[in-house]
Amino acid sequence: MEDTLLGEQLLTGDKNAYKQMFIKYYSPLCEYVSQYIPDPDAEELIQDLMVFIWENHRTIVITHSLKSYLFMSARNRCLNAIKRNQYHEKVHSKIYDKLKDQFEDPDYYFVNELTENIDKAIQELPETYRETFTLSRFGEHTNAQIADELGVSVKTVEYRISQALKILRVKLKDYLPLLPFLYL
């Protein structure tokens, strides 16, 4: 069938014309596009074009020939795909640059997990133990300073810290070799 007649019938929604167009142009369009993008992507691009043509056959305007319309459409879609891939490569490159240090450090994820577990375990301590323990270990206060600040005896501070350490040792037993502050 001649392209002009095929194009006219296609625009009216003739399924036979669509089938003939598909059979006639699918392979040449795939070969044309595969010069610029990988074969699987080329086939997908042409399949999308064919679906687009069928779904929009009432609104498509073919000014020259069906063949030139198909190849121009394929070329434009190919250029858009290349542009999209270049954009994705730029984004991936930027993300890689930001994250490469984390990927090169295998302990990065372990440290995050450890930190989360320590924070959670400390937050689960009874309030008086938690307050005393954080002042001692992270606030770098002496037991006497903590006792003055909390209005309790030094013996109470020592008891609270020892109880907090016992609880934390149980909760964080899998990480004990890495937690020197639990032994002080």
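Start by selecting lysine 155 and glutamate 158: both sit in helix α8, 3 residues apart, about one turn of the helix. (Helices are DSSP runs of H or I, at least four residues, numbered from the N terminus.) Before you go on, this is a predicted model, where local features need pLDDT of at least 70, side-chain atom pairs count only at pLDDT 80 or more, and totals for chains, interfaces and linings use all residues. Residues are numbered from 1 along each chain as its sequence is written, and side-chain values use heavy atoms, leaving out hydrogens and water.

Show the side chains of lysine 155 and glutamate 158: they meet in a salt bridge, 3.9 Å from N to O. (The cut-off is a Lys or Arg side-chain nitrogen within 4 Å of an Asp or Glu carboxyl oxygen.) Lysine 155 counts as exposed at 64% relative accessibility, while glutamate 158 is partly exposed at 36%. (Exposed is over 50%, buried under 20%, partly exposed in between, with a 1.4 Å probe and protein chains only.)

The whole structure has 2 salt bridges. Next, pick lysine 171 and glutamate 124, another such pair, with the closest N and O atoms 2.7 Å apart. Lysine 171 is in α8 (154-171) and glutamate 124 in the loop between α5 (107-123) and α6, so the pair ties together parts 47 residues apart in sequence.

Last stop: select Glu127, Glu131, Asp148 and Glu149, which form a negative surface patch. (Patch members have over 30% relative accessible area and no salt bridge; like charges are joined within 9 Å.) Color α6 (127-137) and α7 (143-150), since each supplies at least two of the patch residues.

Note on methods
Patch = residues over 30% accessible without salt bridge, like charges linked within 9 Å, V, L, I, M, F, W, Y side chains within 5 Å. Areas by Shrake-Rupley, 256 points an atom, 1.4 Å probe, with all protein chains shown as cover. Lys, Arg positive; Asp, Glu negative; His and termini not counted. Charge placed at Lys NZ, Arg CZ, Asp CG, Glu CD.
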